[in-house]
Amino acid sequence: MHSKLDLHKHVSCEDIILQLDQCHNQGILHRYLGGCNKLKNAMNDCLQAEFDVNRKKHFENAKEKRKKLEKAWEGMDE
């Protein structure tokens with residue numbers, strides 16, 4: 001189970017998170033009998049897709065920083 005997710009950090013998954021919260025508030029028996037499983041799986045998929053986008057963005061930023069660093073190192077050797 002996920003901890004309470006911040007909506008401002010996961011804007012693209014906001015509607016699914018709100019629906020899952022509503023489902024969890026319907027009662028403990030509903031939750032334990034699997035009434036929220038489809039929403040939970042949808043939320044997991046959404047968060048994974050969001051994570052993949054962020055990972056690609058961070059990877060590109062790291063490549064750019066690495067190029068700048070290597071360029072600075074070349075200048076030091078001369």
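A salt bridge here is a side-chain nitrogen of Lys or Arg within 4 Å of a carboxyl oxygen of Asp or Glu. By that rule, the count is two salt bridges, and the structure also holds two disulfides (pairs of cysteine sulfur atoms within 2.5 Å). This is a predicted model, where local features need pLDDT of at least 70, side-chain atom pairs count only at pLDDT 80 or more, and totals for chains, interfaces and linings use all residues. Residues are numbered from 1 along each chain as its sequence is written, and side-chain values use heavy atoms, with hydrogens and water left out.

**Salt bridges**
- Arg-55 pairs up with Asp-52, with the closest N and O atoms 2.4 Å apart.
- Those two sit about one helical turn from each other, because they are three residues apart in helix H3 (residues 37-77); helices are DSSP runs (H or I, at least four residues), numbered from the N terminus.
- Arg-55 is partly exposed at 47% relative accessible area (buried is under 20%, exposed over 50%, partly exposed in between, with a 1.4 Å probe and protein chains only).
- Glu-70 bridges to Arg-66, closest N and O atoms 3.1 Å apart, and the two are four residues apart in helix H3.

**Disulfides**
- Cys-13 and Cys-46 are bonded, sulfurs 2.0 Å apart.
- That link ties together distant parts of the chain, 33 residues apart: Cys-13 lies in the segment before helix H1 (14-25) and Cys-46 in helix H3.
- Both Cys-13 and Cys-46 are buried.
- Cys-23 joins Cys-36, S to S 2.0 Å.
- Numbering the bonded cysteines in sequence order, the pairing reads 1-4, 2-3.
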